Amino acid sequence: MGSSFPVSSFLLESNGSEGLQMISLQGISKSFELHGQRLPILQVTQWHIQKGERIALMGASGCGKSTLLHLLSGVITADRGEIWVAGRPVHLLTESKRDHFRAENIGYIFQDFHLIASLTVRQNIELIMPRTGTKQERRKKLDQWLERVGLQDRGHHLPSQLSRGQQQRAAIVRALITKPPLLLADEPTGSLDWDTASEMMTLLLDICRDEQLTLLTVTHDRHIADMFPKRVYMQELNELLRSVSV
Ligand SMILES: Nc1ncnc2c1ncn2[C@@H]1O[C@H](COP(=O)(O)OP(=O)(O)OP(=O)(O)O)[C@@H](O)[C@H]1O
């Protein structure tokens, strides 16, 4: 796999905000309504993530890990508290502004890839690739990324013609092609065997280190978590004990 991809600072280019902080949570609480009752899910008094940190987020099933990622990306809103991401006050943004914020600032990697089955690898990525520069420049940039993840010969293949590990590599490029300052990954290795999972995670961690991207990855897998420079357990963040059981 080539390691000659030109290194640039995505953070400085795409974000422009000053300071070292990528994420700041203050006094967050989140509940969901279930069977007519408000069920408290999450409470985070304070949490800060610096730019360029690579963090594995762990915790028991149902403790609110995915909910936290959705709050950070503005897919859902908190009941109260402040969420700052890449210098933007996500808690103050309207829904349409949150959509815009997400497109500009967040790369998302899912357990089941979310590639469009009828489109080739290249088409899946081109769909969200910024229309900056000439067509040749965009093609070259995509070629470089595909080579970086070892898919240089797979650009014209459909997802169904790729292995699961290759599909996740394509999804990684799709998440990174917009140069998002923050990458969120929800169980990105959850559907891969161990060898493929560790290879894929090594690749993702290397890219984030080289590009100084901030990476927050939810994982159940202790071995995967051990690959990260930093691990955070939801229990440390989530101080609210569940008062209602479902
Ligand atoms: N839209 C919703 N409406 C009601 N309850 C919800 C909703 N979304 C999540 N929940 C509840 O919030 C809790 C936390 O869910 P979440 O998916 O964040 O957990 P998780 O830690 O990511 O779990 P897992 O590790 O199993 O994926 C769960 O009890 C879940 O049922």
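This is a predicted model: local features need pLDDT of at least 70, side-chain atom pairs count only at pLDDT 80 or more; totals for chains, interfaces and linings use all residues.
Colleague: What makes strand β7 (residues 182–186) and β8 a pair?

Modeller: Two strands pair if DSSP finds at least two bridges between them. Strand β7 and β8 run parallel and are joined by 5 bridges, so they meet that criterion. Residues are numbered from 1 along each chain as its sequence is written.

Colleague: How do you know that strand β3 (residues 54–58) also pairs with β8?

Modeller: These two strands run parallel with 4 bridges between them, and Ile55 stands opposite Leu216 of β8. Strands here, like helices, are DSSP runs numbered from the N terminus (E, at least two residues, for strands; H or I, at least four, for helices). The chain holds 9 helices and 9 strands.

Colleague: Why is β8 called mostly covered?

Modeller: A residue is buried if 20 or more other C-beta atoms, placed from the backbone, lie within 10 Å of its own, exposed if 12 or fewer do, and partly exposed in between. In β8, 5 of its 5 residues are buried. Thr214, Leu216 and Val218 point one way, Leu215 and Thr217 point the other way, and all are buried. In a regular strand the side chains alternate between the two faces of the sheet. For the whole chain of 246 residues, 35% count as buried.

Colleague: Why is the unit made by β7, α7 and β8 called right-handed?

Modeller: The term applies if, with the strands pointing away from the viewer, the path from the first strand over the helix to the second runs clockwise. The β-α-β unit of β7, α7 and β8 is right-handed.

Colleague: What makes Phe113 buried?

Modeller: Phe113 has 20 other C-beta atoms within 10 Å and is therefore buried. Its place is in the loop between β6 (106–109) and α4 (121–126), and its phi is near 70 degrees, a positive value in a residue other than glycine.

Colleague: Which residues count as being around the ligand?

Modeller: A residue is near a molecule if its C-beta atom, placed from the backbone, lies within 6 Å of it. The shell includes Phe32, Leu34, Ile41, Gly59 and Lys65. β1 (21–34) and α2 (65–72) each give two or more residues, and α2 gives the most, with 3.

Colleague: What makes β2 (37–50) and β5 (88–89) edge strands?

Modeller: They belong to an open sheet of 4 strands in the order β2-β1-β4-β5, with antiparallel pairing, and each of the two pairs on one side only. Within this sheet, β1 and strand β4 (residues 80–85) pair over 5 bridges, including that of Ser24 with Trp84.
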